[in-house]
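Please walk through this protein chain with me, from its strands and helices to its cores and its charged pairs. The paragraphs that follow take these topics in turn.

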Amino acid sequence: MTIEKCINEFDVGDVIFEEGSTGRELYVVLDGEVEIAKVDGATKTVIISLGKGEFFGEMAVIDGSSRSATAIAASADTRVMRINHARFVYLVSQQPAFALMIMDALAKRLRASNDRTFGAAANL
C-alpha cells in the first residue's frame, strides 16, 4: 500500500472515528488539529487537542478494543496518516524508539487522566 492511500483529509467538525466503534488503526496528525472528545448528544467534552506530529487511536491498535472516545477534526485541512495493526506491530518490533515513544505517551496520558479524575475527587 502506498503512503498516499494511508492519508486522509478532514474539514472542521468531521468525525475521524466515533467512541464505541471498532478500529485497528493508529493515526498521526500530519497537519491541522484533532480533538479527542466524549460526545453525549449535543454535549462535547474535549479530553485533549492534538496537533502536528502527535498521534491517537493507540489503545485500539494495541488491544483491539472499541474506541474509548471520538476523534474530531478541529481545523480546516486536517490531514492524518493511518497506521494499521500490521504496520504498527512491524514498527514496534523493528524500531525500539517508536515503541518507547508510544509507551511514553501512554504513560503521560494515563497520569493526566489520573490527575483529572483523582484531583477532582480530592476537591469534593
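**Strands, cores and charged pairs**

Strand β4 and strand β7 (residues 70-73) run antiparallel and are joined by four bridges, where two strands are said to pair if DSSP finds at least two bridges between them, and where helices (H or I, at least four residues) and strands (E, at least two) are DSSP runs, numbered from the N terminus. In this pairing I36 stands opposite A71 in β7. This is a predicted model, in which local features need pLDDT of at least 70 and side-chain atom pairs count only at pLDDT 80 or more, while totals for chains, interfaces and linings use all residues. Residues are numbered from 1 along each chain as its sequence is written, and side-chain values use heavy atoms, with hydrogens and water left out.

The confidence of the prediction can be stated through pLDDT, the predictor's confidence in each residue, from 0 to 100. The mean pLDDT of the protein chain is 91, and 93% of its residues reach 70 or more. Among the elements of the chain, β7 has the highest mean pLDDT (98), whereas α3 has the lowest (86).

Strand β4 also pairs with strand β5 (residues 43-50), in the antiparallel sense and over seven bridges. Here K38 stands opposite T45 in β5, and in the hairpin that the two strands make, with two residues between them, G41 takes a positive phi near 65°.

A further set of strands is arranged as an open sheet: four of them lie in the order β1-β8-β3-β6, with antiparallel pairing. The edge strands, each of which pairs on one side only, are β1 (7-10) and β6 (55-56). Strand β1 pairs with strand β8 (residues 78-84) in the antiparallel sense over four bridges, and F10 stands opposite T78 in β8. Helix α2 (residues 85-94) lies across β3 and β8, and runs at about 75° to β8; axes are lines fitted to C-alpha atoms, for helices over the stretch in contact, and angles run from 0 to 180 degrees between N-to-C directions.

What lies between these elements can be described through nonpolar cores, each a set of buried Ala, Val, Leu, Ile, Met, Phe, Trp, Tyr and Cys residues joined through side-chain atoms within 4.5 Å; buried means under 20% relative accessible area, exposed over 50%, and partly exposed in between (1.4 Å probe, protein chains only). The largest nonpolar core has 13 residues, of which I16, V34, I36, F56, A71 and V80 touch the most other members. Strands β2, β3, β4 and β7 each supply at least two residues of this core. Apart from it lies another core, of 11 residues, among them F55, V61, F88 and I102. Returning to I36, and leaving aside its neighbours within four places in sequence, this residue is in contact (heavy atoms within 4.5 Å) with T45, V46, I47, I48, L50, F56, A69, T70 and A71.

Side chains of opposite charge can pair when their charged atoms come close. How many salt bridges does a search of the whole structure find? The search finds six, a salt bridge being a side-chain nitrogen of Lys or Arg within 4 Å of a carboxyl oxygen of Asp or Glu. One of them joins the side chains of E19 and K38 (3.0 Å, N to O). Because E19 lies in the loop between β2 (15-17) and β3 (25-31) and K38 in strand β4 (residues 34-40), this pair ties together parts that are 19 residues apart in sequence. E19 counts as partly exposed at 36% relative accessibility, and K38 counts as partly exposed at 37%.

Another salt bridge is made by the side chains of R109 and E58 (2.9 Å, N to O). This pair links distant parts of the chain, with R109 in helix α3 (residues 96-122) and E58 in helix α1 (residues 58-63), 51 residues apart. R109 is partly exposed, with a relative accessible area of 25%, whereas E58, at 6% relative accessibility, counts as buried. Not counting residues up to four places away in sequence, E58 touches L26, L106 and R109.

The side chains of K108 and D104 also meet in a salt bridge (3.1 Å, N to O). Being four residues apart in helix α3, K108 and D104 are separated by about one helical turn. K108 is exposed, with a relative accessible area of 54%, while D104 counts as partly exposed at 39% relative accessibility.
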